[in-house]
Amino acid sequence: MPLSQTRKAVAIKVEGVDLSYGDNHVLKNVNLEIPPGDLFAFLGPSGCGKTTLLRLIAGFNRADRGRVLLDGEDITPLPPWKRDVGMVFQSYALWPHMTVERNVAFGLEERGLPKQEIGPRVAAALEMVGLTGLGGRRPSELSGGQQQRVALARTIVVEPKVLLLDEPLSNLDAKLRVEVRRELRELQKRLGITTIFVTHDQEEANTICDRIAVMNNGEVQQVGTPMQLYEHPGNLFVAGFLGTANIIDGKLVSNGPGVAYEIPGGGRIELPGSAKIPLHGRLVFRPQSVSLVPACTPPSPSNAHFLSSVAHREFLGATLRYGLTLGNQEVLIDVPFRSGDVLHEIGAKVSAVVPQSALLWLDR
Amino acid sequence: MPLPLTLPRIRHAAATPGQYALALAIAAFLVLTLVLPVVTVVVVAFKDTTGGFTLVNFADFFGNELFQRSFVNSVWVAVLTVALATVLAMPLAYFTARFEFRGSALIQTLGILPLIMPPFVGAVAMQLLLGRNGTVNLLLQDWFGFTIPFMEGLNGVIFVEAVHYFPFILINVTASLRNIDRSMEEAAQNLGASGFRLFRRIVFPLSMPGYVAGAVLVFVKVFDDLATPLLLNVKDMLAPQAYLRVTSIGVADPIGYVICVVLMLISVASLGLSYAATAGKDYATVQRGGGGLTRRRMSRNEAIGAYAIVGLILALVLAPHAALLLLSFATVWSFSPLPDAYTLAHYTRVFSDSAGYIWNTLLYASIAAGIDVLIGGAIAYLVLRTRLPMRHWLDAAAMAALAVPGVVLGIGYLRAFYAVQLPGGQSLATFWVMIAIALAVRRLPYALRAADAALRQISVSLEEAAENLGATKPRAVRRIVIPLMTGGIVAGFVTSFATAAVELSATLMLVQSNSDAPLAYGIYVFMQSPAGRGAGAALGVLAVLLVGVCTYLSNRVAENGNGSSHH
Ligand SMILES: Nc1ncnc2c1ncn2[C@@H]1O[C@H](COP(=O)(O)OP(=O)(O)OP(=O)(O)O)[C@@H](O)[C@H]1O
Ligand SMILES: [Mg+2]
């Protein structure tokens, strides 16, 4: 019997959630809406409250304030066993005194399914995660990757309304991680089940998730698709956390007809005349948005540009990364590497250009 | 997105009603069976004849020459026992920690062997072997014309107790030596310390917490022991005096209670001292890894010396066992190095006349161990897995039983429950169930620690995973927690059972008729008269077998349990 794929996917909504452990305010007014069928990531540095939020949705943590809704139904008052929210634990939490089969059958037994239905459904779940034939083993007789699959099978076999995965790949080695995350994505799309995936690895979130909530310090910083977050980070934290960003301190000064950004310690960035300049915030741009032009090239009015010298150079394979000195700061620049290119030497004077569309002014 | 800051702040109960009910039931049990009797004892000690507060009873106690002597004797015996036990234990601990010594397995056995024979069982047998007219002294007299007073007066108590209790020191010291990180010793060597200096500056301080814990345990056990001095006919010590006052003068005599308070104060003070000395100073386990000291091979002479010492101690430990066995098969054994002839009559007699003792023992010890496992497991769960307010008080209350000597608990039961009438007109204090309950209370700390240790090994997420898949809390406990704790629970049960089966101090106070008496009491009664000694020894052999088998089983289970519940 295949796992039914007919069950309708469910939307998750988190409303105004606050949670403290004593004086430690761990979640601060968290609001999220996760559309049905999404593979959604909680991404943030260690200790920012991802696990706490996930456990709150599963019913293991109680909020001081706020609600969790599944398809509009408030599940806040329900204990964990009545929520029908499947969770895969970071440590897998496989029961060592039960075989793989018994582990997977547990949830069905608790739901009072007749025996003759349990067997086939367990077999189907094990097949789905590629563990057919290992049902008789104890968890201690499995590899890390196999244990991870058992934990997944144990959860999806009960066809929960939503699936919560707490750093499900962190116990796997680098190669297996890439393999399993792709499988996970395929399985999730096949089942169509709304899934939250906790990780502190941005590459993991970027490659498999539909949308990401970036968290820091118990607050949701921004929600969006990986590309949205990368191209339009909402604040300095998101810009710095996703990929590499140049975050430059300076002061706006008027420069004859136009405006320039003056860097402490000498150096300035000439801003394009048509730029929308906010009243506060810092200048942010990605290393790959910058191109180097010969120092004598006349500036174009639609780009920002600045003069600088090369402080260091790293060869990264497909790209070359230059570190440029600008006042008391350093600006990173990535240029594609093609063999035969002429390299700028350390100390060389260069002129750098950033298109206006790549300039961001961000706060916080 | 709206900011629903208007949502009310939610107040959550810290625990479920079921957990509250369980905690209350346990609290009620502990109050009735432990707190109330102990408080009764203390209150009576401070009451005058009209019921007012007084210190007169204490003045009487400290003004009386017999009690002064008893007090001094008790302290003397406990201190010298610790000293002698240290002398026995230290070389053994050092050999196993420092050398690659083949005799280490033997030493491990030595660490358990004495404990399976209650000291009072060995006492009479030791007298036959080492007493004034015992085997050794008769031979010494014949061959060399002198005797050694091993068993004269207090010496006998010290000797018997030290041989019985030295494993507590051995086990604790060995454990701390094993936990010493090898790198600590190597760091000291690297900085130039070696030989005895290294031992004094590094090894000795690091093993100190283990030694103090073991030594205090021995001190308290010996200080509180009632049966050994009684059987060796030493009456001027504190525990025997408490017993004699209450049984000969009556439950109304306040001096018995004063002695109880003194016993308890010394227990509490010693355990408090041990706690203060070891808390936060468990240096040995601060560093992960352990591995113990670097072991080296013994030279030939060292090995000979070591084997000689181990052999001597082994002989000492086996002496009471051997003597007991001989006595149980002896027709007559007095004023001669060995029994005159051998017989099975004592065993026949024990099985035909005294089967009741054995049956009672099995019954009481099973009930006690059952209660311990249930309550110990429940307290461990409430403390570790719930957020019940005041849950640590349950743990503390149960552990407090450690500081209550058996005599004190027994006297407390007599006093607190004497006036309570059962439907049949019998007093609650003399109802046999109270013996089982007293045993349960006394063994609860051990069962609790076993359950606590077992539960700590089970990751909380295992339970949460079950709840996540639809199991309610009670079902998650039943299907996940209890099966995984089985090893710890069984080990706790067997330990409680084995030690309850041979406990005598509280029992001695509570047994009112022979038909309610357990094995230990039977041995005590038989051993009182020379004619009964053979049968007493036969019962003693049975007791040793019972405890020995249980100890073996509990070790086996604990080892297996570790394997399967490891996550
Ligand atoms: N049971 C607890 N009691 C007290 N504080 C806690 C508890 N659990 C978590 N915290 C605190 O709450 C904060 C958030 O923890 P959480 O486990 O949610 O972080 P996380 O984002 O999952 O981090 P990681 O990536 O390291 O898993 C941390 O500061 C942590 O110290
Ligand atoms: Mg986490």
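A salt bridge, as I use the term today, is a side-chain nitrogen of Lys or Arg within 4 Å of a carboxyl oxygen of Asp or Glu. With that rule, four salt bridges turn up across the interface of chain B and chain A. Keep in mind that this is a predicted model.

One pair first. A:Arg55 bridges to B:Glu464. The closest N and O atoms in that pair are 2.7 Å apart. The general idea is simple: side chains of opposite charge can pair when their charged atoms come close.

Now, which elements of chain B give two or more residues to the side that touches chain A? They are helix H20, residues 460-468, and helix H21, residues 473-501. H20(B) gives the most, with seven residues. And what is that side of chain B made of? By class, 16 residues are nonpolar, eight are polar and six are charged.

Next, the whole contact. Chain B puts in 30 residues. Chain A puts in 37 residues. Together the two chains bury about 3100 Å². Carbon and sulfur atoms carry 59% of that. For polar contacts, the count between chain B and chain A is 11 residue pairs, with both residues at pLDDT 80 or more.

On to ligand 1. Which residues surround it? From chain A we have A:Tyr21, A:Asn24 and A:Val26. Sorted by class, the shell has three nonpolar, seven polar and two charged residues.

Two elements of chain A each supply at least two residues of this shell: strand S2, residues 24-34, and helix H1, residues 50-58. H1(A) gives the most, with three residues.

Let me take some distances to oxygen atoms of ligand 1. A:Ser46 uses its side chain, with an N or O atom 2.5 Å from a ligand oxygen. A:Gly47 has a polar backbone atom at 2.8 Å from an oxygen of ligand 1. For A:Cys48, a backbone N or O atom lies 3.2 Å from a ligand oxygen. How much of ligand 1 does the protein cover? On its own, ligand 1 has 640 Å² of accessible area, and the protein covers 60% of it.

Last, back to salt bridges. Over all chains the count comes to 33. One of them is A:Arg65 with A:Asp18, where the closest N and O atoms are 3.5 Å apart. Why pick that one? A:Arg65 lies in strand S4, residues 65-70, and A:Asp18 in strand S1, residues 12-21, both of chain A, so the pair ties together parts that are 47 residues apart in sequence.

Terms used. Residues are numbered from 1 along each chain as its sequence is written. Chains are lettered from A and ligands numbered from 1 in the order in which they are written. This is a predicted model: local features need pLDDT of at least 70, side-chain atom pairs count only at pLDDT 80 or more; totals for chains, interfaces and linings use all residues. Side-chain values use heavy atoms; hydrogens and water are left out. Contact means heavy atoms within 4.5 Å. Buried area is the accessible area (1.4 Å probe) that two parts lose on being put together, summed over both. A polar contact is a pair of N or O atoms within 3.5 Å; within protein, one must be able to donate a hydrogen and the other to accept it, and residues adjacent in sequence count only if both atoms are side-chain atoms. Helices (H or I, at least four residues) and strands (E, at least two) are DSSP runs, numbered from the N terminus. Ala, Val, Leu, Ile, Met, Phe, Trp, Tyr, Cys and Pro count as nonpolar, Asp, Glu, Lys and Arg as charged, and the others, Gly among them, as polar. A residue is near a molecule or strand if one of its heavy atoms lies within 4 Å of it. Accessible areas come from the Shrake-Rupley method with a 1.4 Å probe; for residues, only the protein chains shown count as cover.
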